[in-house]
Amino acid sequence: VISSFNDSRLLRYSEESLVSKLTTPALTTPVIASAQEIGISPLHLFWSSSAASAAGILLTNPLWLVKTRLQLETDNSRYRGVIDAGFRIFRQERLQGLYRGLLPALVLTCEGALQ
């Protein structure tokens with residue numbers, strides 16, 4: 001396969017040129033350094049990251065709960081699919097049922113914000 005390529009193309013994209021393109025200052029500068037330059041504190045970055053993670057968890061927790069319940073079903077399934085499971089859980093347990101396990105997930109948002 002390599003012999004079918006033109007040698008000049010292979011030399012143009014040598015390992016050295018790829019490394020120099022991948023290590024430009026824009027790619028190696030940490031986000032916090034550039035955020036500080038425009039006046040955003042690391043604490044502000046932490047809280048905004050935590051808020052974004054919490055919003056994602058609030059939107060996806062019902063989907064994860066339905067998925068988990070479907071995976072735990074045995075042969076005598078009481079759900080006919082994802083939508084049916086979501087509606088049945090909501091009818092039987094209300095909104096509280098769809099958000100079971102939310103608190104541990106929200107506590108774990110700090111881990112993503114710290115990275």
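The model is predicted, with local features needing pLDDT of at least 70, side-chain atom pairs counting only at pLDDT 80 or more, and totals for chains, interfaces and linings using all residues. Residues are numbered from 1 along each chain as its sequence is written, and side-chain values use heavy atoms, with hydrogens and water left out.

Helices here are DSSP runs (H or I, at least four residues), numbered from the N terminus. At Gln92, helix 6 bends by about 100°, taken as the angle between axes fitted to the seven residues ending there and the seven starting there. Helix 6 also holds Arg94, whose phi is near 60°, a positive value in a residue other than glycine. Most residues other than glycine have a negative phi.

Now for the neighbour. Asp84, Ala85, Gly86, Ile89, Gly97 and Leu98 are the buried residues of helix 6 (under 20% relative accessible area, 1.4 Å probe, protein chains only). Helix 5 (42-72) is included in what covers them. The axes of the two helices, lines fitted to C-alpha atoms over the stretch in contact, come within 10 Å and cross at roughly 115°.

Here is who touches whom, with contact meaning heavy atoms within 4.5 Å:

| Helix | Residues in the contact |
|---|---|
| Helix 5 | Asn61, Pro62, Leu65, Val66, Arg69, Leu70 |
| Helix 6 | Val82, Ala85, Gly86, Ile89, Glu93, Gly97, Leu98 |

Note on methods:
Helices (H or I, at least four residues) and strands (E, at least two) are DSSP runs, numbered from the N terminus. Buried means under 20% relative accessible area, exposed over 50%, partly exposed in between (1.4 Å probe, protein chains only). Axes are lines fitted to C-alpha atoms, for helices over the stretch in contact, and angles run from 0 to 180 degrees between N-to-C directions.
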